[in-house]
Structure formats: C-alpha cells, structure tokens
Amino acid sequence: MAGVSISTDRGGFEGGDDDEASRLITQLREEAQLESKYGNLDEARMKDLHSRNEDLKKGMQGLSSVRSNASKASSTDTDGLGPPPAAVGLDELRSGGIDDNENPDNWCCMCNEDATWTCPGCDNDNYCEECFRESHIGPEADWEMKKHRPRPFIKASAK
Ligand SMILES: [Zn+2]
Ligand SMILES: [Zn+2]
C-alpha cells in the first residue's frame, strides 16, 4: 500500500517532497539557460569557480552540480570543434593529392618527391629539383652525370 502512495506522489508533482525537487530542477534549468544564453566557456568557468566556493559550504550537493556543469560544457565544446584539426588536415592532404601522388611515374627516383626534371642520360629517370642538383650538379655529383642534359619533367597523366 505504501508503494502505491509513493508512486502517486511522484506522478502528481503535488507532494511536499516534490517542492524541493522542483526547486532544484528550476535552479538547474536557470543555470542551463544562462549557459546557453551566454554560450561561452568563460561563463561556465566563472560558474564553476562560484559553485566550487559553494561546495565548501554545501558539501556533496554542490559538488555534483559542478560536475554536471563541467561535463555539459566540455561535451558542447567538443561538438563545436569536431574532430582534432591535425587529423583532418592529414587526411585531406592524403586524399586530396591522390591523383598526383599515387602515380610513381611522377616521383623523383631518389626521394619520391614530385619530379621536376627528366634525365635522358639516366634512362629518363625523373628527379626532383634537389636530388637532380645533388646527383648531377653539386660537389657530390659524378662527373659523367654532370654532362647529362635534363628536360623539364612533364607530368604523366593520372590515367
Ligand atoms: Zn628527389
Ligand atoms: Zn642524369
């Protein structure tokens, strides 16, 4: 029988205990509205600091409200930012440049950079600016290679 009366109280919002509960709910709602109105982290942090002060007076009740505020703020923050920018940038770089980068004919034969020179003297090997200079012009270059006359590299078509 007692169980029946309790469930009635919960449903009706008229019992004496519900005043306390609805007061808490109203308070939480006001806090949520404030947060969404100002919509910035500073506000949440201010509130957080304030609530922490109150914690010292109120004990566990205040603590749980701080926790719910903090988790709310951080989850909103994550939603707004989306996935970490670094990861997205990397993916975009890889998928965006796929037409050029995936064709080995366009690569330098030494370092896999984009080629800028084709050297007929090296069986039409392709070189990037840097590697061509190192292997054909610079102090490390073989003297025979210095005689090679490169052509500007013409990109192989993607298909
Ligand atoms: Zn290279
Ligand atoms: Zn060469």
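Among contacts in the protein chain between residues at least 6 apart in sequence, what percentage join residues at least 24 apart? It's 30%, where two residues are in contact if their C-beta atoms, placed from the backbone, lie within 7 Å.

Some ground rules before going on. This is a predicted model, where local features need pLDDT of at least 70 and side-chain atom pairs count only at pLDDT 80 or more, while totals for chains, interfaces and linings use all residues. Residues are numbered from 1 along each chain as its sequence is written, and chains are lettered from A and ligands numbered from 1 in the order in which they are written.

The protein chain has 7 helices and 3 strands, counted as DSSP runs from the N terminus (helices are H or I, at least four residues; strands are E, at least two). Follow the sequence and you'll read α-α-α-α-α-α-β-β-α-β.

The largest nonpolar core has 9 residues, among them Trp117, Cys119 and Cys128. A nonpolar core is a set of buried Ala, Val, Leu, Ile, Met, Phe, Trp, Tyr and Cys residues joined through C-beta atoms within 7 Å. Both β1 (117–119) and α7 (129–137) give two or more residues to this core.

Now look at Arg151, in strand β3 (residues 151–152). Arg151 counts as exposed because it has 10 C-beta neighbours inside 10 Å. Trp117 is 34 residues from Arg151 in sequence, yet their C-alpha atoms are 5.7 Å apart.

Definitions and conventions:
Buried ≥ 20, exposed ≤ 12 C-beta atoms within 10 Å, placed from the backbone.
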